[in-house]
Amino acid sequence: MSHLSPEIRARCEELLALYPHPRSALIPICHVAQEQDGWLTPEAIAEVAELVGVTPAEVLGTAGFYDMLHTEPVGRYLVAICTNIACLLRGAEELLAHAEERLGIGVGDTTPDGLFTLEDAECLADCGRAPCLQVNHRFFGNLDPAAFDQLVEDLRAGRLDGEVPPHGTLIRVRRAGGLRVDPARVAAERRAMAERVAAEEAASGQGGKEDGR
Amino acid sequence: MTVTEAPRIVTSRMGYEDSHTLARFLATGGYEGLRKALQMSPAEVAAEVDAASLLGRGGAGFPAGRKWSMLRKGPLPYLVVNGDESEPATFKDHLLIERDPHQLIEGVVIAAYALQVAQAFIYIRGEFALGLERVQEALNEAYEHGAVGEDIFGSGFSLDIVVHPGAGAYICGEETALLESLEGKRGFPRIKPPYFPAAIGLYGQPTVVNNVETVSNLPWIIRQGAAAFTALGGGRSAGTRLFALAGHVRRPGVYELEMVKTTFRDLIYDPSLGGGIPEDRALKAFIPGGVSAPWLGPEHLDTPLGQDEVAALDTMLGSGSVVVMDETTCAVRAAWRITKFFHRESCGQCTPCREGGGWLEKVLRRIEDGAGREEDLDLLMDVCDNIAPGVSWPPAQTTICVLGPSIPSSIASGIRMFRDEFLQHLKEGGCPHG
Ligand SMILES: Cc1cc2nc3c(=O)[nH]c(=O)nc-3n(C[C@H](O)[C@H](O)[C@H](O)COP(=O)(O)O)c2cc1C
Ligand code: SF4
Ligand code: FES
């Protein structure tokens with residue numbers, strides 16, 4: 001019995017077909033699997049493992065390395081406030097303190113209604129709009145306490161549902177079709193080319209001549 | 001020096017709301033560079049890029065042409081584009097990814113053609129949700145348009161591109177960690193040698209890894225020619241570069257500037273660029289090139305924005321980010337926050353980086369909190385010396401990657417430039433800045 005929905009499973013299988021080695025699809029698949037529950041449940045991990053052809057322990061070990069792959073429940077909105085240098089210089093510590101007070105939780109905690117989880121983030125590469133944050137990896141910048149309160153209200157009221165999907169949904173654009181280039185044909189062509197180059201080099205007695213690279 | 005009238009090479013479309021769409025791209029010269037490249041031989045394309053002196057924009061500044069020429073001959077080479085952008089205060093690739101994804105894709109196809117690879121991966125930082133969607137959407141359009149896939153524009157050259165999301169780990173920006181991550185593993189940097197993935201890269205195959213901005217320059221270089229590119233900038237630093245300006249300036253943001261002919265002063269103070277420091281406060285220090293770089297002071301403002309020019313000051317242009325700190329900044333707090341970042345993001349493989357980073361963060365924090373001890377400054381420098389013997393620039397490396405040896409940069413800079421301020425923290429039992 002599959003834990004992942006048929007739609008999510010189908011997308012995972014599409015991802016598998018994109019890589020020369022299935023293991024490469026592990027992280028993209030974890031992202032997609034996270035859509036199911038907003039985090040990677042043990043059932044999801046087992047199914048990812050089965051899809052990729054590794055053990056659940058390997059999936060867990062790999063996922064554990066990455067901040068965005070959650071093996072514990074997360075609120076519907078993951079609010080990640082950047083506190084790195086550029087934001088620090090423009091009031092990030094004050095913003096984080098305000099957020100803690102406003103949401104009534106500390107960093108790493110989730111509100112009792114399961115709506116918000118708060119994180120202090122490293123640089124989000126949006127320093128031009130410092131201090132800034134992400135909600136479910138969607139950017140909001142140039143924030144002050146009033147703007148933060150407004151953001152929280154908008155999220156609560158569902159006014160940002162179009163922009164900010166629930167936590168776990170990362171990439172809403174699906175690839176149109178799979179690979180178009182036959183790797184076996186390309187490999188054969190490249191092998192032939194490599195042999196030709198090697199033969200030419202042997203004939204001319206000097207290595208390292210460029211052949212279009 | 002004034003701000004030059006150099007053409008915008010990679011940000012030419014940023015004025016358009018719809019810069020990310022295929023329609024806008026095609027209306028503004030999009031995919032013309034690729035069409036031209038496909039009329040040339042792969043070797044000619046590579047030679048053009050080599051002649052352009054296109055220095056890598058990811059941080060190390062290695063010439064792209066030379067990197068390409070080092071690609072070991074093998075049946076299945078790969079091209080991997082580094083869009084992991086996580087060096088604190090660096091936010092230029094973010095702009096290119098979200099606002100001009102077709103330019104990036106065009107650059108990828110040009111590079112892939114020159115290198116004759118059949119599959120390329122664009123590794124994009126996982127936190128860039130919109131960027132990932134934009135590039136995937138653009139890629140779908142590019143396949144449809146015939147710019148990617150089988151028999152591109154009828155040339156006989158075929159290429160697949162895969163957009164690959166990261167998942168939140170700074171270290172995956174290091175190219176060998178990125179390849180591990182792309183192979184579905186934890187992002188542990190690989191032991192060197194081999195020094196370059198060009199020899200042994202993705203799946204053990206020869207691989208070129210290039211930064212997003214590096215690749216985004218290619219369409220223009222092919223369209224306008226290497227000579228037009230080297231006519232801009234100076235010395236080895238040809239062309240323009242994106243500078244991500246952040247911190248205490250009136251107008252933070254990403255600016256494309258001609259290299260060498262523009263200075264830090266222009267970037268920070270010109271009214272059309274940074275616009276100076278709010279309330280005209282005094283400049284205390286600035287960090288050129290990402291937080292891995294040693295700091296500079298007001299006396300260095302007239303340094304040209306060129307790779308070798310900045311390297312001559314024992315620091316680096318690095319990732320092209322500039323953080324401005326005015327007189328109200330606490331040097332201890334700034335150094336602490338940067339150190340905390342490195343400690344958090346250390347992958348933990350090497351003892352000096354893993355343990356040293358933690359120690360340094362703790363000691364800096366206690367100085368900032370007023371619980372520092374007299375010996376703490378020596379202790380800091382001792383630990384730094386353990387991570388990067390000599391604490392010089394470029395740092396000596398005892399670790400697998402250069403994340404570790406980057407930790408001492410801000411600490412050594414802070415102590416060297418603002419020793420009295422550190423001592424004041426110790427004497428007054430707290431931060432004089434409050
Ligand atoms: C710790 C660390 C983090 C890095 N992060 C990035 C990054 O986010 N983006 C990037 O392009 N290069 C990054 N680099 C540099 C890459 O290793 C590599 O040099 C670069 O992607 C090569 O592309 P280029 O030659 O076009 O600059 C990082 C290096 C280190 C040591
Ligand atoms: S220097 Fe630090 S980040 Fe780099 S490999 Fe060693 S422990 Fe990992
Ligand atoms: S330092 Fe906050 S986004 Fe870069």
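Because the model is predicted, local features need pLDDT of at least 70 and side-chain atom pairs count only at pLDDT 80 or more, whereas totals for chains, interfaces and linings use all residues. Residues are numbered from 1 along each chain as its sequence is written, chains are lettered from A and ligands numbered from 1 in the order in which they are written, and side-chain values use heavy atoms, with hydrogens and water left out.

The contact between the chains (heavy atoms within 4.5 Å) takes 62 residues from chain A and 86 residues from chain B. The area buried between chain A and chain B, that is, the accessible area (1.4 Å probe) lost by two parts on being put together and summed over both, is about 5900 Å², and carbon and sulfur atoms give 58% of this area. Eight salt bridges are counted between chain A and chain B, a salt bridge being a side-chain nitrogen of Lys or Arg within 4 Å of a carboxyl oxygen of Asp or Glu. In one salt bridge, the side chains of Asp120(A) and Lys340(B) meet at 3.5 Å, N to O.

On the side of chain A that touches chain B, helix 2 (26-37), helix 4 (56-65), helix 5 (85-88), strand 2 (116-121), strand 4 (138-140) and helix 8 (183-204) of chain A each supply at least two residues; helices (H or I, at least four residues) and strands (E, at least two) are DSSP runs, numbered from the N terminus. Helix 8 of chain A gives the most to this side, with seven residues.

Within chain B, helix 3 (residues 42-51) and helix 6 (residues 101-115) pack at an angle of about 120 degrees, with their axes 7 Å apart; axes are lines fitted to C-alpha atoms, for helices over the stretch in contact, and angles run from 0 to 180 degrees between N-to-C directions. Pro42(B), Val45(B) and Ala46(B) of helix 3 make the contact with Ile110(B), Tyr113(B) and Ala114(B) of helix 6.

Two cis peptide bonds can also be described. The bond from Ala130(A) to Pro131(A) is cis, with omega near -5 degrees, and Pro131(A) lies in the loop between strand 2 and strand 3 (133-135) of chain A. The bond from Trp393(B) to Pro394(B) is cis, with omega near -5 degrees, and Pro394(B) lies in the loop between helix 16 (376-387) and helix 17 (403-406) of chain B.
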